[in-house]
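These are my notebook entries on a single protein chain.

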Amino acid sequence: MQPTKLQRLLFTSDILIIIAFALVPLFSTFPYRVNIFLSWEGAYRISQGQTPFQDFGLPMGYMFWVVPAFFFKIFGPSLVTLVKAQVFINILSGLAFRSMLKSLQVQPGLRLAGVLLFCLSFSFFNFWPWYNHTVIVYEFVALALLLKAITSQNKLRLLWFAAGGAFLFISFFTKQDGGGMAIMIGLALLGYASIADKKWWYLPAALAGTALAAAFFLLPLRGTDFGYWFNHGQPPHNSRLSAFDIVDEFFTNSQWIKFYLFIILLLMLPRLLHWKQLWADKMMMLFFLLTVGILAEASIFQITSYTPPDNNIFFHSFAAVFILQLLGQRMADLNFNSVKTITVVMAGMLLWWSGTYWKYINRVVSRANSGEQTAAAAVGRNTYMIKSDTSDVPMSKWIFSNRKGFEKIYMPPSTVAGIERVMKMEAVTKPTDKPRRILNFTELTPLILEMKYEQDRGIHIPLWHHRGVAMFDRETKLYTDRVHNKYYDLVLFEYMPKLNNFFPFEVRDSLLTNYELVDSFHAPRRPTDTWIEVFVPKQAAKDSSAISPLQ
């Protein structure tokens, strides 16, 4: 049967939506993104040929950094290259979600609306690559491949099973919590399908792909410190899995998750009461298991991966599409292949998630109208209070730096001016026959592109310096000993007094004893209550060309 014109239009429209939303960041400029330095650092090291767990350690797998590193090789190691890498990741995640809906035989019109919701609620505002997002994308790829294998009769389905199993490991080797839950959902789908289809080989085929991927990535790591680094929940790492925290967050908050579960259970109640018929309905059962599994994962993920605060909202599109499909089956006059119905549903989703795109429109407008507030505006909603932090610099007043690596990224004026002062220091400009020893405990990691210093490398060197996450007692002692021995010619340290030991206070204490603080300036954060401090060895302080620290 030949597809209708509307069906052909729907087939291409959802792909165009995925690509269009993903490409938007390419036409924008950006404020410095908090913590994006660790995305840059890992991608830069790998793109330079450094080997994870040999040249540096990290508390998870390194698959998050593979795509950004590949883009660094093509476009260069700029912060904005990370945005280009995220464009690819967002397209990949959208296509994976679309593939899942297609495998589950969701009507093309509803699939189109679901893709729009997916882009609005999950991928569009993720302009920057982040491991708590990428782990979910790899999970979606894995589940899409497994569902394609389960629901098709293609001769290549054995390869789909193996590829799906391989991506389950890739998800786990991106981050343990999300990847572990991806494996649980994948096993649930495979277990049901094996029993329903009476095909015992589904699970072994997928697990073979998992085993091959594990061997490919893990065997080269023999003889490294992999066991020390990759062990969340064992010393020196702390477990983030707390049953009480999960239950407490679920019952205290998680309003959307509980709402979706209520509506799903209400609509599914007649089917659940006749569970044998439900079991025999393969597509419905697969969709039900997938949606409930995603909601359960979101409940746990918000505790084990709590930054950024809304990183678990990947569940909206699954739950909404499943609920709409159940409603469509109950309401004969609700035809999701009707132009009118599709238009209303998509308009409703655009209104529902207007905050996703409006804040970017608002940011552009704010920068274009960054003049002083008039007296008449003094009683406005945003101006009726006097801000206690007089040092805060509104983002509308941030400026660009012309330094390599920071193209199209704007930061507080103090940060840009401070970078320029550092670049004129003798420790940076003086010709030397030996490699410069500079320790950069800040978010300004791209400075290495112009400072030309030699990075610390080795199995004891953490990729980033977050105390208790990627840096422990052993690593802290290594740096405090080096500071005590004045190993470094220049040290940049980001002092975050309101964060609990993000950059270890022990290292700063050692710096204050053995080095001279010669400058300080705002870090690229909001509020601007974080400082980048510049230290040189005490005997070299009198030769420094930096100005006095900011007060």
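**Entry 1: F97.** I looked up F97 and found it in helix α4; helices (H or I, at least four residues) and strands (E, at least two) are DSSP runs, numbered from the N terminus. The model is a predicted one, in which local features need pLDDT of at least 70 and side-chain atom pairs count only at pLDDT 80 or more, while totals for chains, interfaces and linings use all residues. Residues are numbered from 1 along each chain as its sequence is written, and side-chain values use heavy atoms, with hydrogens and water left out.

Is F97 buried or exposed? F97 counts as buried, at 0% relative accessibility. Buried means under 20% relative accessible area, exposed means over 50%, and partly exposed is in between (1.4 Å probe, protein chains only). I then listed what F97 touches, leaving out residues up to four places away in sequence: G114, V115, F118, S317, F318 and V321. Contact here means heavy atoms within 4.5 Å. I also noted that F97 and L511 are 414 residues apart along the chain, with their C-alpha atoms separated by 50 Å.

**Entry 2: α4 and α5.** Two packed helices are described by the angle between their axes and the distance between the axes. For α4 and helix α5 (residues 108–123), I recorded axes that come within 10 Å and cross at roughly 145°. Axes are lines fitted to C-alpha atoms, for helices over the stretch in contact, and angles run from 0 to 180 degrees between N-to-C directions. The crossing of α4 and α5 is right-handed; a crossing is right-handed if the near helix is turned clockwise from the far one by less than a right angle, and left-handed if anticlockwise.

Which residues meet here? From α4 I listed N90, S93, G94, F97, R98, L101 and K102, and from α5 their partners R111, G114, V115, F118 and S123. By class, this contact of α4 with α5 has four nonpolar, five polar and three charged residues. Ala, Val, Leu, Ile, Met, Phe, Trp, Tyr, Cys and Pro count as nonpolar, Asp, Glu, Lys and Arg as charged, and the others, Gly among them, as polar.

**Entry 3: α6 and α14.** I next took α6 and helix α14 (residues 282–304), whose axes come within 13 Å and cross at roughly 165°. The angle makes α6 roughly antiparallel to α14, where angles over 145 degrees count as roughly antiparallel, under 35 as roughly parallel, 65 to 115 as roughly perpendicular and the rest as oblique. The crossing of α6 and α14 is right-handed. On the α6 side I found N132, V135, I136, E139, F140, L143, L147, I150 and T151, and on the α14 side K282, M283, L286, L290, I294, E297 and F301. The residues of this contact of α6 with α14 divide into eleven nonpolar, two polar and three charged.

**Entry 4: the largest nonpolar core.** A nonpolar core is a set of buried Ala, Val, Leu, Ile, Met, Phe, Trp, Tyr and Cys residues joined through side-chain atoms within 4.5 Å. Which members of the largest nonpolar core touch the most other members? Of its 172 residues, they are W65, F140, F173, L290, M451 and W464. Helix α6 (residues 131–151) gives the most to this core, with 15 residues. I followed up M451, and beyond four places in sequence it touches V422, M423, V428, R436, I438, L490 and L492.

Entry 5: I448 lies in helix α20 (residues 448–451) and is buried, with a relative accessible area of 6%. Apart from neighbours within four places in sequence, I448 is in contact with W40, Y44, Y453 and Q455. S78 is placed in the loop between α3 (63–75) and α4 (79–103), and S78 is buried at 9% relative accessible area. Not counting residues up to four places away in sequence, S78 touches W40, F72, G405 and E407.

**Entry 6: two positive phi values.** Where does K408 lie? K408 is found in the loop between β2 (399–400) and β3 (409–411). Phi of K408 is near 65°, a positive value in a residue other than glycine, and K408 is partly exposed, with a relative accessible area of 36%. K486 lies in the loop between α21 (473–484) and β5 (490–495). Phi of K486 is positive as well, near 55°, and K486 counts as partly exposed at 31% relative accessibility.
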